[in-house]
Amino acid sequence: MSQLPPVLTIDGPSGAGKGTVSRIVASRLGWHYLDSGALYRAVGVAASWADIDTSDASALVRCTFDTKIQFAERGESLRVLVNGTDATDELRLETTGALASAIAAIPEVRGALKERQRAFRVAPGLVADGRDMGTVIFPDAPFKVFLTASAEERAQRRHKQLKEKGVSVNFDDLLREIMARDARDAQRAVAPLRPADDAVLIDTSGIGIDQVVAKVLDLIPATGL
């Protein structure tokens with residue numbers, strides 16, 4: 001039986017720095033990168049385009065199977081195509097994030113996306129960013145990290161990011177949305193947000209991205225597996 005390619009899972013709540021850290025680490029290692037949250041957001045966008053009621057679990061599951069999701073490198077950015085349409089900007093909206101979180105709580109939707117996520121595990125290795133990468137999708141991953149930060153700091157980061165993009169948003173509203181999403185993700189019955197038992201916890205509050213990246217890379221043997 002051939003050995004599976006190595007996986008580094010990086011889980012954590014929204015705004016903890018998972019995406020930025022994961023992309024940099026994947027680039028440094030020369031491994032592939034999976035943004036699992038983008039898959040749920042893509043299903044959410046497809047469902048909204050089709051005017052599907054988010055309380056209709058059966059329709060959402062059909063939408064999950066029917067939705068074509070592609071990742072395309074465009075310059076230095078990773079674009080996400082939903083049924084052939086570039087939906088990258090819409091995927092990053094707070095409303096889409098809230099919709100994705102609600103959809104992710106549906107067991108059948110999670111099941112439909114499970115194998116699609118596992119298919120990203122190809123040589124030379126994979127950095128998987130999400131909320132249940134180390135606990136559900138890749139429980140056998142040899143390297144697991146759980147990033148966290150205070151809700152206030154995560155809201156500040158997101159507020160700054162949106163302002164730089166010219167998006168006007170109220171900080172208090174943003175903080176409430178983040179705290180509500182944290183609670184929803186942690187309390188859902190299927191694959192709740194929590195660190196894997198063997199994950200290394202890294203609090204990113206008050207430290208820069210370069211420091212976090214260095215901490216994560218220190219976990220990977222220099223031999224390159």
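Strand β3 is joined by 6 bridges to strand β4 (residues 77-82), and the two run antiparallel. Helices (H or I, at least four residues) and strands (E, at least two) are DSSP runs that are numbered from the N terminus, and two strands pair if DSSP finds at least two bridges between them. The structure is a predicted model, in which local features need pLDDT of at least 70 and side-chain atom pairs count only at pLDDT 80 or more, while totals for chains, interfaces and linings use all residues. Residues are numbered from 1 along each chain as its sequence is written, and side-chain values use heavy atoms, with hydrogens and water left out.

Across the pairing of these strands, Gln 70 stands opposite Leu 81 in β4. Both strands belong to an open sheet of 3 strands with the order β3-β4-β5 and antiparallel pairing. In this sheet β3 (69-74) and β5 (85-86) stand at the edges with a single partner strand each, so one side of each is left without a neighbour in the sheet. Strands of a sheet pair through backbone hydrogen bonds, either parallel or antiparallel.

The parallel sense is found in another open sheet, which has 5 strands in the order β2-β6-β1-β7-β8. Its edge strands are β2 (32-35) and β8 (200-203), each of which pairs on one side only, and neighbouring strands of this sheet are turned by 20° against each other on average, direction ignored. Here β1 and β6 pair in the parallel sense over 5 bridges; in β6, the bridge partner of Val 7 is Leu 126, and that of Ile 10 is Asp 129. Strand β1 is also joined to strand β7 (residues 143-148) by 4 bridges, again running parallel, and the bridge partner of Asp 11 in β7 is Phe 146.

How many residues of strand β1 (residues 7-11) are buried? The strand is mostly covered, with 5 of its 5 residues buried, where buried means under 20% relative accessible area, exposed means over 50%, and partly exposed lies in between (1.4 Å probe, protein chains only). Val 7, Thr 9 and Asp 11 point one way from β1, whereas Leu 8 and Ile 10 point the other way.

Helix α1 (residues 18-29) lies across β1, β2, β6 and β7, and runs at about 180° to β6, while α2 lies across β3, β4 and β5, running at about 115° to β3. Axes are lines fitted to C-alpha atoms, for helices over the stretch in contact, and angles run from 0 to 180 degrees between N-to-C directions.

Two packed helices are described by the angle between their axes and the distance between the axes. For helix α2 (residues 36-49) and helix α5 (residues 94-104), the axes come within 8 Å and cross at roughly 100°. These helices are therefore roughly perpendicular to each other, a term for angles of 65 to 115 degrees, whereas those under 35 count as roughly parallel, those over 145 as roughly antiparallel and the rest as oblique.

Leu 91 has its place in helix α4 (residues 88-91) and is buried, with a relative accessible area of 0%. Leaving aside neighbours within four places in sequence, Leu 91 is in contact with residues including Ala 38, Val 45 and Val 80. Leu 91 and Gly 44 are 47 residues apart in sequence and 8.5 Å apart in space, C-alpha to C-alpha.

Conventions:
Contact = heavy atoms within 4.5 Å.
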